[in-house]
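Subject: Structure handover

Hello,

Here is the structure I promised to pass on. Please open it beside this email and follow along.

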Amino acid sequence: MNMKTWKHVPGIIELQVLIWAAVLLLIFFSLLPMDGLLRSVIYTVVNSTSYAIIIYGNILFLYPVFYLKRRFVSYGISVVSFLIITGILRGYASIILYQHFLLIKPTQLSLLTLLGYVPGGILIYVLSLVFRIAIAYFTLKQQTEEILLQKSQAELNLLKSQVQPHFLFNALNSIYYRVYKVDPPSAGLIERLSDIMRYFVDESPKDVVPLSTEVAFIENYMELEKIRIRHGATVNFEKAYNPELHIPPMLLMTFVENIFKHGIDKSRKQNQVTISLVQQDNYLLFKTINRKADPATGNQPGGFGIINLTKRLSMLYGEKSELTIDNEGELYTAFLKIPL
């Protein structure tokens with residue numbers, strides 16, 4: 001037999017089906033020697049049905065609707081009324097079925113006779129509370145097992161995902177040493193590319209990163225972008241902050257990325273970019289200024305980057321952050337202010 005069959009763990013519904021099957025068989029075979037087949041069947045069906053109504057009526061309706069909402073008085077009244085109605089219906093069904101199938105002489109159905117079936121439901125009601133606890137336990141246990149399985153799978157996927165980047169890092173290091181012997185500047189660019197990729201893998205998933213790490217990532221990005229520009233670009237980067245500060249990763253990158261995507265004219269001999277990152281009181285101020293690649297268009301395309309940044313700032317800081325963009329004239333100015 002396949003080993004997976006032995007490892008199969010029944011779900012909550014399967015477990016309840018097994019329990020009710022056991023209850024039906026236990027009641028039926030305990031009555032069969034004394035009451036015969038037909039009487040045992042009738043008693044088993046009627047009583048098991050009433051038990052199920054009491055148990056599931058309580059745990060699926062009365063308990064969540066009244067008790068969990070702290071309506072204790074309403075819950076008590078509902079339980080008593082529910083047990084009385086269920087007991088009367090159980091008694092009525094038993095008597096009618098016995099008279100019909102067993103040809104028992106009809107007896108007068110009095111309220112007192114039917115109420116005699118009510119006390120039997122009290123024990124079932126108490127068992128329904130135990131049944132609910134058991135269901136909650138197995139549900140929690142099953143959810144815990146699923147979470148552990150997902151965690152194990154996520155850890156396995158993470159290990160798999162880390163293999164390829166680290167292989168690439170090692171390959172880049174090997175290329176770096178080869179290139180460095182003949183072309184040190186090009187080797188420096190390879191090193192910056194390696195640092196950028198390592199940032200994406202190791203730092204970007206974190207909630208916060210050191211500000212110095214974020215700045216190093218931006219500077220590496222700009223150096224790589226400069227090699228794509230025919231006449232180069234002059235970047236004045238003013239920095240005045242505590243290097244031990246931490247900020248969410250990739251928060252400043254949107255403006256810098258927009259500069260090199262939309263604010264650099266590759267045919268222009270002078271591409272001037274001004275960037276400042278200054279700590280002022282309890283805020284961090286980030287500002288970028290660049291000429292538009294095509295001033296005649298009158299705008300600076302930001303794509304979805306600015307939209308996503310705005311949503312992210314709202315989630316991170318609410319109304320405590322400030323984002324302004326000046327798009328008039330030939331210059332494009334972006335300003336970001338975030339609390340520390």
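This is a predicted model: local features need pLDDT of at least 70, side-chain atom pairs count only at pLDDT 80 or more; totals for chains, interfaces and linings use all residues.

Of the 340 residues, 33% are buried. The exposed surface comes to about 21,600 Å², and carbon and sulfur atoms supply 63% of that. Now take the contacts between residues at least 6 apart in sequence: 69% of them join residues at least 24 apart.

Helices α6 and α7: find α6 at residues 184-203 and α7 at residues 211-226. Their axes come within 9 Å and cross at roughly 135°. That angle makes α6 oblique to α7. The crossing is left-handed. On the α6 side, the contact includes Leu189, Leu193, Ile196 and Phe200. On the α7 side, Phe217, Tyr221 and Leu224 are among the residues that take part. By class, the contact of α6 with α7 has eight nonpolar, two polar and six charged residues.

Helices α7 and α8: α8 covers residues 253-262. Its axis lies 11 Å from that of α7, at an angle of about 10°. The two helices are therefore roughly parallel, since the angle is under 35 degrees. From α7 come Phe217, Ile218, Tyr221, Met222 and Glu225. They meet Met253, Val256, Glu257 and Phe260 of α8. This contact has seven nonpolar residues, two charged ones and no polar ones.

Best wishes

Definitions and conventions: Residues are numbered from 1 along each chain as its sequence is written. Side-chain values use heavy atoms; hydrogens and water are left out. Axes are lines fitted to C-alpha atoms, for helices over the stretch in contact, and angles run from 0 to 180 degrees between N-to-C directions. Helices (H or I, at least four residues) and strands (E, at least two) are DSSP runs, numbered from the N terminus. Angles under 35 degrees count as roughly parallel, over 145 as roughly antiparallel, 65 to 115 as roughly perpendicular and the rest as oblique. Contact means heavy atoms within 4.5 Å. Ala, Val, Leu, Ile, Met, Phe, Trp, Tyr, Cys and Pro count as nonpolar, Asp, Glu, Lys and Arg as charged, and the others, Gly among them, as polar. Buried means under 20% relative accessible area, exposed over 50%, partly exposed in between (1.4 Å probe, protein chains only). Accessible areas come from the Shrake-Rupley method with a 1.4 Å probe; for residues, only the protein chains shown count as cover. A crossing is left-handed if the near helix is turned anticlockwise from the far one by less than a right angle, and right-handed if clockwise.
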